[in-house]
Amino acid sequence: MMEPVKRIIEDSDSPLDGEVKYDFPKLIWNLGFIIVAFIFAPSTFSLSAFLVFILLTYFSLLIGHSVGMHRMMIHRTFRSHLMTKRVLIYIGVLVGMSGPFGIIKIHDLRDWAQRKRKCHDFFSHKASYFQDIWWQLTSKFEFNSAPKIEIESEIKDDVFLRFCERTWRWHQLGLGIVLFYLGDWPFVVWGVFVRVAVSVVGHWTITYFCHNPGPGTWKVKNAAVQASNIRGLGLITYGECWHNNHHAFPESAKIGLEKGQSDPSWWFIILMKKLGLVYDVRLPRSKTLRDDLDYVN
Ligand SMILES: [Zn+2]
Ligand SMILES: [Zn+2]
């Protein structure tokens, strides 16, 4: 049995006190990709470039972001051998949203804030959709007194992950060079710029709707934010849209828990388990350990 994940080692007073401030490296990165995509996508469109875009977007988000970074690295819902772990996280780096340590901090601070009785709109996604997307793509939250977050040494001291954290932006260049050789500028524009733009905007769009009121089976007691299960999006969100389940059972590698909730990332984890690449795959905790939840449906 693995120990529960707890990286916030020192609480702070309130996830309300602070200000949303521009984060210029983030702003230039995200808006840069979106603008280049808008300008060059129409003139470089071809069926093969579009296919490269679809395949790379889908599988980098599924294997790297949802399985590698979210379910394995952040929530430790299964274990894997060292090389498998590094490959999965590296594919997550290629998504182009953040380095491994950065994504842990973004995720865990948000999750910590959402489980308090009140939190700022920046974390609860209670502002309008456009305001929220603008914030998430361009800004950071500056706490008056920030909680202290510590990443476990298994991740923080891994030389490969440290390298990924320092260089995560540069890996788009490597991928871009490979794509240029394979299919010239159309592959670069669609396989790098359109892909990163769609991945970051898509990620924050799903995050927005999953943290706003909608259908769900569970209520996390005393939490400012209750997540929703968004029907019909299982296949295109790799199962991440069953977010009400995820808030209730963050320890579970399977997020689509009920009948009809398709969960491609879970299917991929099962496949890796059959191939012997991962083990200790976890499911929701037993009914006796659910005092923090109310059943609402
Ligand atoms: Zn999560
Ligand atoms: Zn969430």
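Analyst: Of the five residues of strand S2 (residues 18-22), the number buried is zero, so the strand lies largely in the open. Here a residue is buried if 20 or more other C-beta atoms lie within 10 Å of its own, exposed if 12 or fewer, and partly exposed in between, with C-beta atoms placed from the backbone. Strands (E, at least two residues) and helices (H or I, at least four) are DSSP runs, numbered from the N terminus.

User: Before we go on, where does the model come from, and how are things numbered?

Analyst: This is a predicted model, in which local features need pLDDT of at least 70 and side-chain atom pairs count only at pLDDT 80 or more, while totals for chains, interfaces and linings use all residues. Residues are numbered from 1 along each chain as its sequence is written, and chains are lettered from A and ligands numbered from 1 in the order in which they are written.

User: OK, which strand does S2 run antiparallel to?

Analyst: Strand S4 (residues 139-143) is joined to S2 by five bridges, and the two run antiparallel; strands are said to pair if DSSP finds at least two bridges between them. Within this pairing, Lys21 stands opposite Lys140 in S4.

User: And Phe141, buried or exposed?

Analyst: Phe141, which sits in strand S4, is buried, because 20 other C-beta atoms lie within 10 Å. Leaving aside residues up to four places away in sequence, Phe141 touches Gly18, Val20, His120 and Phe122, where a contact requires the C-beta atoms, placed from the backbone, to lie within 7 Å. Phe141 and Glu19 are 122 residues apart in sequence, yet 5.7 Å apart in space, C-alpha to C-alpha.

User: Switching to helices, how far apart are the end C-alpha atoms of H3?

Analyst: They are 18 Å apart, which agrees with the 18 Å that the 13 residues of helix H3 (residues 82-94) should span at 1.5 Å a residue, the expected span being 1.5 Å times one less than the number of residues. The buried residues of H3 are Lys85, Leu88, Ile89, Gly92, Val93 and Leu94, and what covers them includes helix H2 (47-74), strand S3 (79-80), helix H4 (100-114), helix H8 (159-167) and helix H9 (171-210). After H3 comes Gly96, whose phi is positive, near 90 degrees.

User: At what angle do H4 and H8 cross?

Analyst: Their axes, which are lines fitted to C-alpha atoms over the stretch in contact, with angles running from 0 to 180 degrees between N-to-C directions, come within 7 Å and cross at roughly 80 degrees. That makes H4 roughly perpendicular to H8, a label for angles of 65 to 115 degrees. At this crossing, Pro100, Phe101 and Gly102 in H4 meet Leu161, Cys164 and Glu165 in H8.

User: Last one: what share of the 297 residues is buried?

Analyst: Buried residues make up 39% of the 297 residues in the protein chain.

How values were computed:
Contact = placed C-beta atoms within 7 Å. Parallel < 35°, antiparallel > 145°, perpendicular 65-115°, else oblique.
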